[in-house]
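This briefing concerns the ligand site and the salt bridges of one structure. Please consult the sequence and the model shown here before reading the points that follow.

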Amino acid sequence: MNRSDAYDLKFHITPPHGLLNDPNGLAFFNGQYHVFYQWNPHGTEHKNKCWGHMVSDDLVNWRRKNAALEPSEWYDKDGIYSGGSVVHDGKLHLFYTGNVIRDDGVKESYQCAAVSEDGEYFRKIGPLFEHPSGYTRHVRDPKIWRDQSGSWRLIVGAQTDDLRGDALVYKSADLSAWTCQGSFLEHDHKFGYMWECPDVLQFPENDVFVFCPQGLPEQGENFRNPNQSGYIVGKIAETGKFHGELADFQELDRGFDFYAPQSFKVGDRIILFGWMNSMDEETEKAVPTVQEGWIHTLTLPREIVLADGRLYQKPIRELQGLRQDGMQGNIGNNGVWQLPALQAELIINFSKLSENFRMMIRGAVQIDYDREQNSLTVWRTNWATRQREYRKAILTHTLAEMRLFIESSSLEIFVNEGEEVFSLRYFTEDAQQRAVRLEAGGNEGKVSIYRLQQCVD
Ligand code: FRU
């Protein structure tokens, strides 16, 4: 099936065909960056999961490789689920969850490893450990890091027998013998019924625990998507436990489509990719690209910075290399700007902000700024329900900058150097429509627009 330019994405990682979900195994190995992703090569439903594989010299231009891991063994015969990687002793070690549906219908999961010397062919090692009692079969998504003392740590998302979300932490000296240190959090808790895709970001002053709780009730403008991705800032103790408060949980992204993020270290930077999906089944089934045999995309890579107790997310600086011809001007009163292509970056730097403003992108996505609240609201039309829907964030700092990465069917809005990010898909029937309408009121500032070059195979 051919992809139409109306929806195709040219600077994001999408599957060649079939379904993509979580980013997996992010690594820099043998001079190249590796991004793996959950991939169903056989269709656009959630089954037959294997690990798709992309490589890059610069984190921006990506080439496709063959699938890195496919179901083949008794312990992963029904799916290679999510996980992370580490580089050690000149080898790339992948960790993943093997998904098994037994003949009697009972489902099982195994935390497994695979290893490669060339970053291309992976030898499976098999299951690493048994799960402790007190947990359902929902234990998955191993992520590994090295602590300050040189020990390996592994964290997995889990569900307790009494249906509470949790994460289990393990320790190892050699990446093969693992000791369970129990629940990652110190105290008993009830925060959703399952946690997926846990991750730990280490900053000099603090540690950040990132995870995806399922089943949190909506709270005002928070937790509006079916499942959440967020973090708490704290500190990992000697015992391996994380000292931090679930009451401080903050969402990573304020858009409609963001889930299952994973990070890795690149020099002294921490870079994160997410998966752009709403996690709503009906909306997912109706994504128009399904007609073209593919579905979903990863987000752009973001550099993560911890400041004032929260995470800031900035598009990685390498993305500036994609900029082609650009144009600049003042925001004016009621301006209409034409995007030079369906792949564009639009930056607004405000010098005076005294009134509300509204922005309409390609007739499909509306952004409203409320001066009094210092809030941004992003509207789109849901393609399944045809209803208008919104997501809103109240900013901590006065709005000074917005950076929008616009593709034919995706949008990422970085606000104030990444204080907030909105990630979303949108679908417009009018593929020719390239207008960005800016009702700026009396506000003043500069607009820069660049055409972005295609960079994914
Ligand atoms: C998150 C997730 C993971 C699982 C994978 C399966 O989106 O459900 O928990 O490993 O997707 O594709």
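How many Å separate a polar side-chain atom of Arg 140 from an oxygen atom of the ligand? The distance is 2.8 Å. The model is predicted, and the points below are grouped by topic.

**Polar contacts and cover of the ligand**

- The protein covers 91% of the 320 Å² of accessible area that the ligand has on its own.
- Gln 38 places a polar side-chain atom 2.6 Å from an oxygen atom of the ligand.
- For Asn 21, an N or O atom of the side chain is 3.0 Å from a ligand oxygen.

**Pocket and shell**

- The ligand takes up the space of the largest pocket.
- Two elements, strand 1 (18-29) and strand 10 (135-146), each give two or more residues to the shell around the ligand.
- By class, the shell residues comprise five charged, three polar and three nonpolar.
- Residues around the ligand include Asp 22, Lys 49, Tyr 81, Ser 82, Asp 141, Glu 196, Tyr 259 and Trp 275.

**Salt bridges**

- Across the whole structure, 28 salt bridges are found.
- Glu 120 and Lys 65 form a salt bridge, with their closest N and O atoms 3.5 Å apart.
- Because Glu 120 lies in the loop between strand 8 (107-116) and strand 9 (123-127), while Lys 65 belongs to strand 4 (residues 62-69), this pair ties together parts that are 55 residues apart in sequence.

How values were computed: Residues numbered from 1 in each chain as written. Predicted model: local features only at pLDDT ≥ 70, side-chain atom pairs only at ≥ 80, totals over all residues. Heavy atoms only, no water. Near = heavy atom within 4 Å. Polar contact = N/O pair within 3.5 Å; in protein donor to acceptor, adjacent residues only side chain to side chain. Areas by Shrake-Rupley, 256 points an atom, 1.4 Å probe, with all protein chains shown as cover. 1 Å grid on protein atoms, 1.4 Å probe; cavity = no way out; pocket = protein on both sides within 12 Å on 5 of 7 lines; lining within 4 Å. Sits in = over half its atoms within 2 Å of the grid points. Helix = DSSP H or I, 4+ residues; strand = E, 2+ residues; numbered from the N terminus. Nonpolar A, V, L, I, M, F, W, Y, C, P; charged D, E, K, R; others polar. Salt bridge = Lys/Arg side-chain N within 4 Å of Asp/Glu carboxyl O.
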